[in-house]
Amino acid sequence: MASEVKKQLGDNIFLTTLDAAASWARSNSLWPMPFATACCGIELMSTAASRHDLSRFGSEVMRFSPRQCDLMIVAGRVAMKMLPVLQRIWLQMPEPKWCISMGACACSGGVFDTYAVVQGIDRFMPVDVYIPGCPPRPEQLIKAIVDLQEMIKAGGTYDAREFALRDTAEGPARFDEDELIRIRERNGLKLESPKYDPVH
Amino acid sequence: MTLDNSTVGSDVQARLQASLPDVAQTWSTFQGQERVVVPASQILQFLKVCRDVAGFDQLTDLTCVDLLEMQGAVDRFELVYCLLSVDAGTRLIVKTYLNEPNLTVPTATQVWFGADWLEREVYDMFGIVFEGHPNFKRLLLPDEFVSFPLRKDYPQQGRGERHNFPIITRSKS
């Protein structure tokens with residue numbers, strides 16, 4: 001009997017879990033939402049262009065509407081005026097969704113340690129893969145997407161249960177501006193107090 | 001048409017001084033560029049005469065300098081108007097000094113409407129108030145911003161404005 005079934009069906013049936021099947025399908029058709037605000041966006045375009053050809057990895061379908069995407073790629077610095085926009089776009093994306101923080105600025109603020117630039121988007125929204133570099137090479141972005149695919153295949157669930165477990169803030173804690181003063185004092189550098197401060 | 005800069009400048013100076021004898025004008029030249037310092041209370045009157053009498057029909061730039069802790073500086077803010085006469089090709093720098101707590105000057109939008117965004121930017125960065133401006137609000141920074149970041153006593157890393165956002169966790173998004 002068993003051999004008869006095998007003879008009839010051959011290799012056409014295999015057993016797996018629903019989670020694995022869903023994750024396999026999702027990981028091989030990631031639709032990126034390019035949130036490109038700076039020079040990393042140029043590398044992002046280059047990654048999708050013919051030379052590096054992101055479509056080899058099944059995630060070339062960039063859509064400029066968050067409703068149609070499931071992978072947010074934040075490429076570039078995020079100013080404090082832009083962060084509410086970024087958060088809103090992230091919330092508009094349908095589940096399941098993932099986020100790649102591309103480049104030094106999106107990961108940590110980069111060289112822009114100023115009042116106007118957010119010091120890493122992971123302080124205010126979840127990030128799955130970080131890419132270092134200023135800007136990163138297209139190969140690095142491809143590696144990040146491959147890593148993300150591996151991640152989804154390894155830990156993805158069909159109803160996205162794994163996201164419900166991530167209920168705490170994952171980025172660094174709120175930066176304390178007095179910390180700067182303490183660091184300078186610890187290093188023996190005196191922070192001169194402003195002589196004139198009418199507003200505060 | 002060739003312009004003899006040395007005579008053009010002095011011509012402008014003579015005409016402006018003749019038109020406004022009661023405005024204290026301090027004239028100087030730096031690298032062939034005419035500069036004049038006038039009191040803040042008379043700046044609007046002076047700018048109007050610059051346009052109507054001296055023919056400066058364009059305000060190319062309006063900016064501000066914070067002179068806090070600068071060596072030799074007496075006043076806190078220096079407001080700089082860069083004027084251009086398109087026909088004659090001459091330029092004039094008009095400066096005025098402002099001090100706390102009176103950081104108010106009349107708007108130049110009634111003289112050159114191009115001053116609109118320039119004045120809003122100066123307010124945004126330095127907190128200089130331009131009275132009579134048709135749409136006076138911040139230009140670049142968000143409306144909730146309370147500081148004026150290009151002032152020298154404002155820390156470069158800010159006062160926590162860049163951290164003042166809600167945190168979206170993965171389970172809630």
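Select helix 3 (residues 40-48) of chain A together with helix 6 (residues 138-155) of chain A. In this predicted model, the two pack at an angle of about 75 degrees, their axes 9 Å apart. Angles from 65 to 115 degrees count as roughly perpendicular, so that is the label for helix 3 and helix 6 of chain A.

Now show the side chains at the contact. Helix 3 of chain A brings A:Glu43, A:Leu44, A:Ser46 and A:Thr47, while helix 6 of chain A answers with A:Pro138, A:Leu141 and A:Ile142. Colour these residues by type and you get four nonpolar, two polar and one charged.

**Stop two: the sheet**

Next, pick the strands of chain A. Four of them make an open sheet, ordered 1-2-3-4, with parallel pairing. Which strands stand at the edges? They are strand 1 (32-36) and strand 4 (129-131) of chain A; each has a single partner strand, so one side of each lacks a neighbour in the sheet. On average, neighbouring strands here are turned by 15 degrees against each other, direction ignored.

**Stop three: an edge pairing**

Finally, zoom in on strand 3 (residues 98-102) and strand 4 of chain A, which run parallel and are joined by three bridges. Click A:Met102: its bridge partner in strand 4 of chain A is A:Ile131.

Note on methods. Residues are numbered from 1 along each chain as its sequence is written. Chains are lettered from A and ligands numbered from 1 in the order in which they are written. This is a predicted model: local features need pLDDT of at least 70, side-chain atom pairs count only at pLDDT 80 or more; totals for chains, interfaces and linings use all residues. Two strands pair if DSSP finds at least two bridges between them. Helices (H or I, at least four residues) and strands (E, at least two) are DSSP runs, numbered from the N terminus. Axes are lines fitted to C-alpha atoms, for helices over the stretch in contact, and angles run from 0 to 180 degrees between N-to-C directions. Two residues are in contact if their C-beta atoms, placed from the backbone, lie within 7 Å. Angles under 35 degrees count as roughly parallel, over 145 as roughly antiparallel, 65 to 115 as roughly perpendicular and the rest as oblique. Ala, Val, Leu, Ile, Met, Phe, Trp, Tyr, Cys and Pro count as nonpolar, Asp, Glu, Lys and Arg as charged, and the others, Gly among them, as polar.
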